[in-house]
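Follow the contacts on the structure as you read.

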Amino acid sequence: SLKDKFKSYPKIGLQNIGATCYMNSTLQCFSHIEKFVEFFKYNPQIKDIVTKNKNNENNLSVSFKTLIDNLWPDNLNQSTQKYYSPDDFKNKISKMNPLIEGIAANDAKDLVNFIIMTLHLELNKESELTENQKENSQVGGEYEYFYNHIFKQNNSIISDLFYAINCN
């Protein structure tokens, strides 16, 4: 199981492809968030997104899933791969954000913000209120504003893990 794999660090690293230390360290941090990795490896939503957007140059989710699949292969113990070259991810993110283009060193903070914002926009899904939330909103409850202004626009694996709101 993935939980067992997280007990030890992955044996697969990221190759530096020219002043990409900032990117590699950022990607390694993301790849050690268990729920994040589980989502990109096994969630049906990401599988649908990948199927629909395989040839879309402006979809970071597809490249991120490929990256996670290569860093966390299903059979980690039998993998002979020592490192993975994130060329595809770097090329995709460079096309989407010209500030990351080329081989110049960049700020990891800017990359983290871009990845979080982009993945959230791609993975955001509009959800329905629970029965309890519906009942509260019908009597002028607290959930009506919350749902209409926050919950509908912030429902993704990104908001679940990185935003300081609880939509559940």
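Helix α2 (residues 21-30) packs with helix α7 (residues 108-123) at an angle of about 50 degrees, their axes 9 Å apart. Angles of 65 to 115 degrees count as roughly perpendicular, under 35 as roughly parallel, over 145 as roughly antiparallel and the rest as oblique. α2 and α7 are therefore oblique to each other. Their crossing is right-handed, the near helix being turned clockwise from the far one by less than a right angle.

This is a predicted model: local features need pLDDT of at least 70, side-chain atom pairs count only at pLDDT 80 or more, and totals for chains, interfaces and linings use all residues. Residues are numbered from 1 along each chain as its sequence is written, and side-chain values use heavy atoms, without hydrogens and water.

Helix α5 (residues 60-71) also packs with α7, at an angle of about 110 degrees with axes 9 Å apart. That makes α5 roughly perpendicular to α7.

The table lists the residues in contact (heavy atoms within 4.5 Å).

| Pair | From the partner helix | From α7 |
|---|---|---|
| α2 with α7 | Tyr22, Met23, Thr26, Leu27, Phe30 | Ala108, Leu111, Val112, Ile115, Ile116 |
| α5 with α7 | Leu60, Ser61, Phe64 | Ile115, Thr118, Leu119, Glu122, Leu123 |

The contact of α2 with α7 has nine nonpolar residues, one polar and no charged. The contact of α5 with α7 has five nonpolar, two polar and one charged.

Ser61 lies in α5. Not counting residues up to four places away in sequence, Ser61 touches Phe40, Ile46, Ile49, Leu119, Glu122 and Leu123.

Key
Axes fitted to C-alpha atoms, helices over the stretch in contact; angles between N-to-C directions. Helix = DSSP H or I, 4+ residues; strand = E, 2+ residues; numbered from the N terminus. Nonpolar A, V, L, I, M, F, W, Y, C, P; charged D, E, K, R; others polar.
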